[in-house]
Amino acid sequence: MNATAARTEATGKVSIIMFSGTADKFIPLGVLAQAAAAMGIQVNIFVTGFALRGFTKTHQDLPFPAEFAAMAPALEKGMQAAHVASWDAMLRQAKELDAKVYACSMMAGVMGLKKEDFSDLIDDVVGAATFLQQSENGQTLFI
Amino acid sequence: MNATAARTEATGKVSIIMFSGTADKFIPLGVLAQAAAAMGIQVNIFVTGFALRGFTKTHQDLPFPAEFAAMAPALEKGMQAAHVASWDAMLRQAKELDAKVYACSMMAGVMGLKKEDFSDLIDDVVGAATFLQQSENGQTLFI
Amino acid sequence: MNATAARTEATGKVSIIMFSGTADKFIPLGVLAQAAAAMGIQVNIFVTGFALRGFTKTHQDLPFPAEFAAMAPALEKGMQAAHVASWDAMLRQAKELDAKVYACSMMAGVMGLKKEDFSDLIDDVVGAATFLQQSENGQTLFI
């Protein structure tokens with residue numbers, strides 16, 4: 001693979017089911033969405049489960065995974081030193097390149113969240129069947 | 001996307017490697033399997049690792065993720081209020097629509113589980129190579 | 001499916017984004033990589049996040065998931081009794097069958113890891129865009 005090939009526009013589709021609610025998992029969400037969208041890949045994200053907590057207007061606190069809690073300060077420092085953008089900044093870049101972000105209607109209901117409770121990162125609230133249909137004939141990741 | 005398109009039968013294949021053993025992850029397993037099967041998508045599930053504990057006849061207790069343990073009672077209440085079916089009820093619906101559920105032979109051996117130890121949710125005990133072959137030319141999720 | 005079909009060479013491609021850093025998740029990494037490579041499937045692995053800790057020369061300790069810590073001794077005993085190879089032995093077998101393992105350049109930078117800090121399991125240090133391009137038209141798992 002060379003740099004020229006790397007600049008070629010892609011034609012694929014990547015769908016991400018974002019379920020995990022610990023802070024660390026939002027980094028690959030942002031990186032993958034931003035990198036794929038920049039390559040011309042269509043990105044659809046379906047937010048469900050504990051991950052919905054990262055998409056409310058009230059910015060609920062995202063816990064660090066229990067097993068790696070001691071590493072949190074060093075990692076945060078490393079992110080700043082490496083000038084890595086925050087996950088939501090990366091997601092906004094992906095959205096400017098036409099990535100779509102949906103909240104799961106069922107889990108929103110279970111958690112008592114209405115459409116107006118979500119931040120502007122959420123494009124719409126939809127059901128799992130709608131998302132599965134959008135993700136057909138592409139790759140789907142479960143984070 | 002409109003309602004008519006949403007009713008169109010799908011032709012794809014979704015394979016799920018179910019590894020995680022915390023209670024929360026069984027909800028997306030049930031929802032995705034049920035929704036995909038209802039759309040006419042072929043669903044194959046390969047249960048391995050800690051997730052095998054959810055498929056034994058003795059109903060081993062599934063722990064809540066450490067980081068969100070405090071949210072468990074509210075979520076359970078929300079599931080009941082929203083009339084969300086249990087994960088195994090959703091899986092049974094998927095199985096009536098021809099979804100298949102396999103236990104991983106290697107991890108069953110490691111955990112000392114024999115075919116007769118599994119509930120009737122498990123169709124067969126197979127190896128990873130068999131599952132990989134079944135999942136070819138489709139999408140595969142790792143939960 | 002019969003044994004003859006099972007021996008047929010596959011033509012697919014499986015890409016794995018290895019993010020999780022708990023010890024248990026390295027078993028499916030090894031099993032899936034080894035089984036897929038043995039079937040003739042092209043395997044690309046992109047190691048990022050906490051999983052990078054398993055690929056350094058200094059063999060950093062991989063914690064067991066908090067919820068299942070009490071099960072660790074029994075599982076280790078079961079692995080030995082069932083003669084299951086270690087995850088890195090399985091990964092080496094996969095690499096002999098042409099599987100490739102890459103470290104994520106961004107997260108390596110965040111964690112202060114240089115190319116020479118990684119064990120010989122790592123073939124190269126690359127960015128997310130390079131990996132996404134390699135994984136096109138195949139299946140991708142996020143572990």
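Analyst: A salt bridge is a side-chain nitrogen of Lys or Arg within 4 Å of a carboxyl oxygen of Asp or Glu. Keep that rule in mind for the interfaces here. This is a predicted model, where local features need pLDDT of at least 70, side-chain atom pairs count only at pLDDT 80 or more, and totals for chains, interfaces and linings use all residues. Residues are numbered from 1 along each chain as its sequence is written, chains are lettered from A in the order written, and side-chain values use heavy atoms, without hydrogens and water.

User: How many salt bridges does the rule find across the interface of chain A and chain B?

Analyst: The rule finds 0 there. Polar contacts are another matter: pairs of N or O atoms within 3.5 Å, where within protein one must be able to donate a hydrogen and the other to accept it, and residues adjacent in sequence count only if both atoms are side-chain atoms. Chain A and chain B have 3 residue pairs in polar contact, both residues at pLDDT 80 or more.

User: What is the area buried between chain A and chain B?

Analyst: Interface size is often given as the accessible area lost when the parts come together. Buried area is that loss with a 1.4 Å probe, summed over both parts. Here the area is about 2,400 Å², and carbon and sulfur atoms give 76% of it. In contact terms (heavy atoms within 4.5 Å), 30 residues of chain A meet 32 residues of chain B.

User: What is the relation between chain A and chain B?

Analyst: Two copies of a chain are related by a rotation about an axis and a shift along it. A rotation of 120° with 0.0 Å of shift along its axis superposes chain A on chain B, with RMSD 0.0 Å. That is the relation of a three-fold axis.

Conventions:
Buried area = accessible area lost by both parts, 1.4 Å probe. Least-squares fit on C-alpha atoms with pLDDT ≥ 70 in both.
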